[in-house]
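Have the sequence and the model open side by side. The text below walks through two ligand sites, one after the other.

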Amino acid sequence: MNPKRWLALILIVAVVAWVGYDSMQGNRDEELMRDLTKAQQQRQVGESVGPSLPEPPRGMVVNEIPGNIWFVGKYEDGGGIEIPFRPGLFPEKSADVNPQHQNPGFVGPQECQECHRDKYDSFLDTAHFKTSRPVNETTIDGNFEPGSNTFQTSDRNMSFEMLHRGDDFLQRVHFFDWSFDVPMEIIMGSSKMAQTYLYWHEDGLYQDNVTHITDGNQWINSPGYIDGDAAYARPIPQRCLDCHMTYFDFRGKKNRYTPGSLIMGVTCERCHGPAEQHVGFHRDNKDALEAVGITNPADLERQIQMDICGQCHGGSRGLKGDALSFRPGDRLDDHYLPPDDELEVKNSVHTSNQINRLSQSACFLQSQMTCSDCHDPHHNERGNGRLFSSRCMTCHENESDCGFFPQQGVDFAGNCVDCHMPRRPTERLRLESIEGDVFPPLRDHHIRVDEMATQRFMSGLKSKD
Ligand code: HEC
Ligand code: HEC
Ligand code: HEC
Ligand code: HEC
Ligand code: HEC
Ligand code: HEC
Ligand code: HEC
């Protein structure tokens, strides 16, 4: 077997073992008893739902790693499976778990509808709103029709089949002559680039192995996954939800959450603060015209305003303490560690650091510019080059401010951003597929004269003629 794959497998097992070790606090015996009871309950549930899946056939290596992770492999071939549930079972979400923390007042966007109708309605169409949501027929992308619902890895004995059964969406893993199912329950990603899927096992959240990429409507391996493996034991850490959800109750351990507590999407309250008091006050005081108990970012000084966006658009910054402790008006540095070294964050976080890039621009340094000069977070304005260019011209007045103006055949007013803020592939969001790695391009927020982008733009014009 190829040594690279061995190394990869060992790495995975090591990571999984570490995660397992990490979640091994508390009374071991108590946990063991709990797991045994749960496993028994699950077996019953599995049987009542449908025909139970076969146990892994003989000839496979099945190892249990501490922390309830199972590894199934055929060593001579190299492909492997990691799952956080016993082979032969179906993962099952805990029901009726009590939250461990008091919700500090997050109520969810639907509570804003009655008084901020326009903002609410337009907000539903934004990437922020859609960035995490429950899986259902209208939200999930990808093809579930037999014939187009499969994903074959480079290992011919490992493939995936995406299934739609009643209300359920499943990934069926085929490994030699064994197969098993894992549900897709939560979508992460607005579909702008991709959707990846999470599922519950007990109160743990895990990522599914197969992701859907919007470009080309393809099923591929989730970012950072090794082609030829089926990795279903990758835990979803707090920081991941901190950037992609509004609220969740975390249960101490790495990927443990209270299932009923999630407020999905990046919604109003991540930029305006928990609104329970605001909503309560204005429901009781219908005539009050002055807002109470809510933050308007426009009232904050520039850096503090940008720090709101910096929770999620400031590159890879670890949490200093608990997730969700930041409130609009706070300083980012009080809640998040400094950005990591670029190499280290490859694949761990995939957003470019817009704060950092923008802050190097002459526009930013010589004005009071904030993110809101170009972005209205209440509307989906994606792809509207003319609108974004019109925002440049709130400061630059008109196209003749451009030192390159005029050029034959160039519509300057519609294209400021293509020459001065070009899209570039980013190493941060690496998706692996058999055809090779995919790097979705992002806008460079360092606004400047960019000869390469200009050349590309001009030759693009020529090739259109
Ligand atoms: C019962 C009515 C009501 C509800 C519900 C409500 N608001 Fe408001 N909100 C108001 C009023 C009244 C104002 C003050 C007038 C204005 O700015 O529109 C206001 C103002 C605001 C402002 C501007 C604050 C400022 O200082 O300029 C924000 C931000 C805001 N609301 C956010 C929210 C969010 C987020 C929600 C939902 C979680 C929400 N509101 C729910 C009534 C309401
Ligand atoms: C990604 C961050 C973000 C999200 C999400 C967001 N807002 Fe805002 N909101 C802002 C910023 C920034 C401003 C100030 C804009 C400016 O500079 O004028 C603002 C301003 C407002 C205002 C007062 C100014 C105005 O235009 O009336 C209200 C009311 C408001 N938002 C309500 C909402 C509601 C309701 C939602 C959810 C449906 C929401 N916002 C979601 C960032 C956000
Ligand atoms: C709690 C995390 C969080 C905060 C706070 C946040 N964002 Fe985002 N933002 C995201 C995520 C996650 C995405 C990617 C959504 C997707 O495509 O799934 C995103 C996407 C965007 C996009 C791309 C939208 C599109 O349709 O292409 C813009 C622009 C943006 N954010 C601007 C802002 C601005 C400006 C602020 C501050 C006012 C802000 N964000 C605050 C998490 C956040
Ligand atoms: C530091 C904040 C941050 C963390 C942590 C983070 N993301 Fe993201 N994610 C973003 C932002 C921002 C984008 C949009 C890319 C951009 O515009 O820069 C994004 C994009 C995505 C997309 C593509 C969405 C689309 O269609 O545009 C997926 C899928 C995704 N993230 C999943 C995850 C998962 C799963 C985790 C945790 C394992 C995670 N992210 C951790 C901020 C974050
Ligand atoms: C908030 C005001 C503001 C906005 C909005 C703005 N700029 Fe600027 N920009 C400035 C200022 C101030 C300067 C520095 C003085 C100058 O060169 O005019 C500048 C400088 C520049 C420069 C010269 C950079 C250099 O390194 O010499 C370019 C190019 C530029 N802006 C392009 C843009 C583009 C493209 C947009 C829209 C995507 C934009 N600007 C939006 C204020 C702004
Ligand atoms: C001078 C204008 C301008 C400013 C200021 C600005 N952006 Fe953008 N941003 C853009 C343009 C243009 C795009 C591309 C929009 C499109 O094509 O849909 C963009 C795209 C994005 C995206 C989507 C990812 C991508 O690359 O396509 C995110 C996230 C984002 N901006 C975040 C921010 C944040 C956070 C700030 C403040 C730190 C900010 N932006 C400030 C102009 C700006
Ligand atoms: C086809 C590419 C292209 C487009 C479109 C374009 N620019 Fe430029 N811009 C350039 C180049 C190249 C320069 C450098 C010109 C020089 O000084 O040699 C430049 C220079 C600038 C400067 C610096 C001015 C100076 O001479 O120092 C500003 C400001 C600017 N552009 C703003 C804009 C704005 C605003 C728009 C949209 C209305 C825009 N540009 C559209 C390519 C472009």
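This is a predicted model: local features need pLDDT of at least 70, side-chain atom pairs count only at pLDDT 80 or more; totals for chains, interfaces and linings use all residues.

**Two ligand sites**

An oxygen atom of ligand 1 is 3.1 Å from an N or O atom in the side chain of N296.

The shell around ligand 1 holds 20 residues, and H116, H278 and N296 are among the closest, together with C112 and C115. By type, the shell consists of 10 nonpolar, 6 polar and 4 charged residues. Helices α6 (268–272) and α7 (276–284) each provide at least two of the shell residues, and α7 contributes the most, with 4. On the level of domains, at least three shell residues come from domain 1 (3–261) and at least three from domain 2 (295–464).

The other site is that of ligand 5. Its iron atom is coordinated by the SG atom of C363 and the NE2 atom of H396, at 2.0 to 2.2 Å. The iron has 6 donor atoms, with angles of 84 to 179° among them, and the site is octahedral. C363 belongs to helix α11 (residues 362–365) and H396 to helix α12 (residues 385–396), so the pair ties together parts 33 residues apart in sequence. For six octahedral donors, the ideal angles at a metal are 90 or 180 degrees.

How accessible are the two coordinating residues, C363 and H396? C363 has 22% relative accessibility and therefore counts as partly exposed. H396, at 40%, also counts as partly exposed.

Definitions and conventions. Residues are numbered from 1 along each chain as its sequence is written. Chains are lettered from A and ligands numbered from 1 in the order in which they are written. Side-chain values use heavy atoms; hydrogens and water are left out. Donors are N, O and S atoms within 2.8 Å of the metal (3.2 Å for Na, K and Ca); water is not among the atoms, so sites may look incomplete. Four donors count as tetrahedral if all angles lie between 85 and 135 degrees; four count as square planar and six as octahedral if opposite donors are over 155 degrees apart and all others between 65 and 115; anything else is irregular. Buried means under 20% relative accessible area, exposed over 50%, partly exposed in between (1.4 Å probe, protein chains only). A residue is near a molecule or strand if one of its heavy atoms lies within 4 Å of it. A polar contact is a pair of N or O atoms within 3.5 Å; within protein, one must be able to donate a hydrogen and the other to accept it, and residues adjacent in sequence count only if both atoms are side-chain atoms. Ala, Val, Leu, Ile, Met, Phe, Trp, Tyr, Cys and Pro count as nonpolar, Asp, Glu, Lys and Arg as charged, and the others, Gly among them, as polar. Domain bounds come from an automatic or database domain assignment.
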